[in-house]
Amino acid sequence: MRILPVLCALLLLVLQGVTGLSPARASAQDCERRGGFCSHRSCPPGIGRVGLCSEQEFCCRMRWYP
């Protein structure tokens with residue numbers, strides 16, 4: 001039973017690398033397909049961050065967007 005916590009910790013480390021659990025990195029075209037736009041440094045007020053376009057640009061879109 002001592003190995004169970006070790007296995008759980010190892011499983012969590014493996015799952016952190018899964019694409020679905022990490023922030024979405026995409027190009028500007030992928031961001032536009034999701035209904036968003038790329039913004040430098042931060043998203044405007046009232047607009048939510050939904051991913052990354054590049055290291056310095058965020059993919060932003062309206063919070064109520066379906």
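Which residue does a disulfide join to Cys43? The partner is Cys60, with an S to S distance of 1.9 Å, in a model that is predicted. The count of disulfides comes to three, and when the bonded cysteines are numbered in sequence order, their pairing reads 1-5, 2-4, 3-6.

**The disulfide of Cys43 and Cys60**
- This pair links distant parts of the chain, since Cys43 lies in the loop between β1 and β2 while Cys60 lies in strand β3, 17 residues apart.
- The torsion about the S-S bond of Cys43 and Cys60 is about -85°, so this disulfide is left-handed.
- Cys43 counts as buried at 18% relative accessibility, and Cys60 counts as buried at 0%.

**The other disulfides**
- Cys31 and Cys59 form a disulfide with their sulfur atoms 1.9 Å apart, which links helix α2 (residues 28-33) to strand β3 across 28 residues.
- The torsion about the S-S bond of Cys31 and Cys59 is about 90°, so the disulfide is right-handed, and both cysteines are buried.
- Cys38 and Cys53 form a disulfide with their sulfur atoms 2.0 Å apart; Cys38 lies in strand β1 (residues 37-40) and Cys53 in the loop between β2 and β3, so the pair ties together parts 15 residues apart in sequence.
- Cys38 counts as partly exposed at 26% relative accessibility, whereas Cys53, at 14%, counts as buried.

- The charged end of Arg49 sits over the ring of Phe58, 3.9 Å from its centre, while a search of the whole structure finds zero aromatic pairs.

Note on methods
Residues are numbered from 1 along each chain as its sequence is written. This is a predicted model: local features need pLDDT of at least 70, side-chain atom pairs count only at pLDDT 80 or more; totals for chains, interfaces and linings use all residues. Side-chain values use heavy atoms; hydrogens and water are left out. Rings of Phe, Tyr and Trp (its six-membered ring) pair if their centres lie within 6.5 Å; planes under 30 degrees apart count as stacked, over 60 as edge-to-face and the rest as tilted. A charge sits over a ring if NZ of Lys or CZ of Arg is within 6 Å of the ring centre and within 35 degrees of the ring normal. A disulfide is a pair of cysteine sulfur atoms within 2.5 Å. Helices (H or I, at least four residues) and strands (E, at least two) are DSSP runs, numbered from the N terminus. Buried means under 20% relative accessible area, exposed over 50%, partly exposed in between (1.4 Å probe, protein chains only).
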